[in-house]
Amino acid sequence: MPDSAVRPGQLCCVMVSKWWYRVIIHRVISDQEVEVFYADYGHLQIVQKSWLRFLKWQYLKLPAQAIPCSLAWVKPVEGTWSPAATLLFKNLCGFKELVGIVDEYVDGILHLFLCDTSTKEDVYFHSVLRDMGYADVCGENIPSQEFKELNPLALYVQPSGEQENAEVVEPDLCLQQESLVADSETTSSKLDGAEL
């Protein structure tokens with residue numbers, strides 16, 4: 001990708017471990033690195049600028065597959081989630097298949113109860129967080145301030161209810177078009193100079 005296309009909000013793709021992923025440039029870190037948001041997985045990662053490529057046309061309109069979610073009916077005891085509470089939550093998730101029970105979908109956030117059913121007793125995450133003293137069960141869904149601040153998806157994707165009335169925002173494809181023309185001219189000149 002040309003440097004002029006490497007800017008926050010640009011939809012593109014990146015190859016990591018021989019797999020291509022759709023990403024949105026979130027932040028330019030340096031001349032060599034950018035922070036990207038994985039639109040289909042929901043996380044941020046720093047990658048090399050040289051790994052970025054324009055996305056093929058057929059993948060530009062595909063909706064993002066990551067859905068912002070929040071644990072239903074809990075809020076942190078101290079106003080923000082402590083590192084210990086975050087670590088406990090990660091350990092509860094621990095590469096297991098979990099059951100998610102949807103409570104509601106509000107303002108683009110899916111609020112759900114998470115349950116680990118892999119043991120004899122079902123383990124509800126909100127109950128464990130409460131019992132360990134990290135959360136208050138409040139009977140309503142209030143996303144934490146950190147969730148609002150650290151949710152890059154909200155910058156780039158509109159909730160499905162808002163899309164009906166919103167204008168369609170097209171990615172800047174002029175740069176992609178210019179790049180394709182430049183590539184075809186380079187290929188054409190190489191063919192002209194080659195011996196047959």
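Modeller: pLDDT is the predictor's confidence in each residue, on a scale from 0 to 100. We need it here, as this model is predicted.

Biologist: Which elements of the protein chain have the lowest and the highest mean pLDDT?

Modeller: The lowest mean, 40, belongs to helix 6, residues 174–193. Strand 5, residues 52–53, has the highest, at 96. For the protein chain, the mean pLDDT is 79, and 72% of its residues reach 70 or more.

Biologist: Over which residues does pLDDT stay under 50?

Modeller: Over residues 161–196. For that stretch the model has 20 contacts beyond four places in sequence.

Biologist: Next, the rings. What describes a pair of aromatic rings?

Modeller: Two values are used: the distance of the centres and the angle of the planes. A search of the whole structure finds 4 aromatic pairs. One of them joins Tyr21 and Tyr38, with 5.7 Å centre to centre and 75° between the planes. Planes over 60 degrees apart count as edge-to-face, and this pair is edge-to-face.

Biologist: Where do Tyr21 and Tyr38 lie?

Modeller: Tyr21 is in strand 2 (residues 19–28) and Tyr38 is in strand 3 (residues 33–38), so their pair ties together parts 17 residues apart in sequence.

Biologist: What are the distance and angle for the rings of Tyr21 and Tyr41?

Modeller: The centres are 5.7 Å apart and the planes are at 70°, so Tyr21 and Tyr41 also make an edge-to-face pair. Tyr41 lies in the loop between strand 3 and strand 4 (44–48), and Tyr21 in strand 2, so this pair ties together parts 20 residues apart in sequence.

Biologist: Is Tyr38 buried or exposed?

Modeller: Look at the relative accessible area: under 20% is buried, over 50% exposed, and in between partly exposed. Tyr38 has 3%, so Tyr38 is buried. Tyr21, at 23%, is partly exposed. Tyr41 has 56% and is therefore exposed.

Biologist: Which residues form a nonpolar patch on the surface?

Modeller: Val99, Ile101 and Tyr124 form one, and together they have about 220 Å² of accessible area. Val99 lies in strand 8, residues 99–106. The relative accessible area of Val99 is 36%, so Val99 counts as partly exposed.

Note on methods
Residues numbered from 1 in each chain as written. Predicted model: local features only at pLDDT ≥ 70, side-chain atom pairs only at ≥ 80, totals over all residues. Heavy atoms only, no water. Phe/Tyr/Trp six-rings, centres within 6.5 Å; stacked < 30°, edge-to-face > 60°. Helix = DSSP H or I, 4+ residues; strand = E, 2+ residues; numbered from the N terminus. Buried < 20%, exposed > 50% of the residue type's maximum accessible area, 1.4 Å probe, protein only. Patch = residues over 30% accessible without salt bridge, like charges linked within 9 Å, V, L, I, M, F, W, Y side chains within 5 Å. Areas by Shrake-Rupley, 256 points an atom, 1.4 Å probe, with all protein chains shown as cover. Salt bridge = Lys/Arg side-chain N within 4 Å of Asp/Glu carboxyl O. Contact = heavy atoms within 4.5 Å.
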